[in-house]
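This report describes a structure for a reader who is new to protein architecture. Please keep the sequence and the model in view while reading.

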Amino acid sequence: MSKMTLKTEGDTHVVVTRRFAGSPEAVYRAHTEPELIKRWMLGPPGWTMPVCINEAKPGGKIRIEWSDGKGAGFYLTGECIELVPFSRIVHVERMHLPDPTPDNHIVTDFTPDGEGTLLTMRMTLPDAATRAQMLATGMEHGMEASYARLDEIVSTAVGAAKG
Amino acid sequence: MVNESLNYAFSALADPTRRAILARLATGEATVLELAKPFAMSQPAISRHLKVLEGAGLIVRRIEGTKRPCRLAKQGVESVDRWLDVLRSALETNYDRLDQLLAGLKPENGEEKQ
């Protein structure tokens with residue numbers, strides 16, 4: 001519907017925004033109900049989500065497994081921290097590649113925006129150095145070249161953040 | 001190959017001392033002695049961390065007399081950087097798919113798809 005933005009904030013945050021043509025309730029449900037999550041949070045074309053556990057309650061477990069159908073895949077684990085129906089999800093997640101990535105603490109807000117919803121996902125990484133490593137210079141500007149490399153990368157190290 | 005080096009890189013980044021060392025190296029080349037100074041750690045302990053970072057391809061070391069100054073390895077840092085590119089691209093693909101799902105969930109469509 002509208003272009004996604006991905007920006008850094010302060011020393012340790014990454015903020016993603018995106019507008020959707022759906023109510024906050026619908027967008028929130030698409031982020032919390034496994035049957036709905038499985039229909040879109042799939043990563044690159046051809047990948048599937050054989051396991052999707054999302055216990056939408058404080059302390060609830062999150063486990064999502066992705067597969068490329070050819071024996072390759074990876075998984076994500078996490079815990080729900082706070083849920084405010086149709087407006088906010090707070091959770092922590094880490095990817096296992098298979099070694100775990102540093103914990104990513106994520107606050108996802110669903111704000112009414114005209115007929116639709118503004119989604120704001122604010123990620124907090126453990127410290128400035130971790131984020132600096134992730135966001136080494138050129139990220140915002142080097143996207144085109146990255147897309148050209150994407151096919152090669154997705155076959156081995158694909159990622160999809162649970163929002 | 002990419003996956004393997006990324007695994008090493010993230011293992012290396014899992015340790016706070018190693019992240020602090022990288023942050024220091026982001027400001028320029030440094031010797032073991034210089035790196036050990038801000039930490040309450042012995043030189044051999046710092047050297048072990050440097051070995052992990054070197055193995056992960058995140059730093060490179062050169063020989064200068066008896067010293068072995070370290071600096072960030074551009075390639076290694078870029079491989080971690082690429083992880084975020086993948087994240088961005090995966091998010092964009094996912095959100096395009098969510099647009100379609102939301103179109104199907106709209107009440108005016110008469111039925112809610114399961």
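In this predicted model, eight strands of chain A form an open sheet in the order β1-β2-β8-β7-β6-β5-β4-β3, with antiparallel pairing. Helices (H or I, at least four residues) and strands (E, at least two) are DSSP runs, numbered from the N terminus, and two strands pair if DSSP finds at least two bridges between them. Strands of a sheet pair through backbone hydrogen bonds, either parallel or antiparallel. The edges of the sheet are held by β1 (5–9) and β3 of chain A; each has a single partner strand, so one side of each is left without a neighbour in the sheet. On average, neighbouring strands of this sheet are turned by 20° against each other, direction ignored. Such angles run from 0 to 180 degrees between N-to-C directions, and the axes are lines fitted to C-alpha atoms, for helices over the stretch in contact.

Residues are numbered from 1 along each chain as its sequence is written, while chains are lettered from A and ligands numbered from 1 in the order in which they are written. As the model is predicted, local features need pLDDT of at least 70 and side-chain atom pairs count only at pLDDT 80 or more, whereas totals for chains, interfaces and linings use all residues.

Chain A contains four helices and eight strands, and along the sequence they follow the pattern β-β-α-α-β-β-β-β-β-β-α-α. Strands β3 (residues 48–54) and β4 (residues 61–67) of chain A run antiparallel and are joined by five bridges. They form a hairpin with six residues between them, and A:G59 in the turn has a positive phi of about 85°. The table gives two of the facing positions.

| Residue | Opposite residue in β4(A) |
|---|---|
| A:T48 | A:S67 |
| A:V51 | A:E65 |

Helix α1 (residues 24–32) of chain A lies across β2 (13–20), β3, β6 (88–96), β7 (104–113) and β8 (116–124) of chain A, and runs at about 155° to β7(A). Strand β7 of chain A includes A:T108. Is A:T108 buried or exposed? A:T108 is buried, because 21 other C-beta atoms lie within 10 Å. A residue is buried if 20 or more other C-beta atoms lie within 10 Å of its own, exposed if 12 or fewer, and partly exposed in between, with C-beta atoms placed from the backbone. Although A:T108 and A:T17 are 91 residues apart in sequence, they are 9.6 Å apart in space, C-alpha to C-alpha. Of the 163 residues in chain A, 37% are buried.

In chain B, the buried residues of helix α4 are B:I46, B:H49, B:L50 and B:L53. Seen down the axis of α4(B), the buried residues fall within an arc of 100°, so they line one face of the helix; the arc is that of the directions from the helix axis to the C-beta atoms. The face turned away from this buried side carries the exposed residues B:P44, B:K51 and B:G55. Just after α4(B), B:G57 takes a positive phi of about 75°.

Chain B averages a pLDDT of 77, and 73% of the residues score at least 70; pLDDT is the predictor's confidence in each residue, from 0 to 100. For the complex, the predictor gives an ipTM of 0.72 and a pTM of 0.61.

Notes. Two residues are in contact if their C-beta atoms, placed from the backbone, lie within 7 Å.
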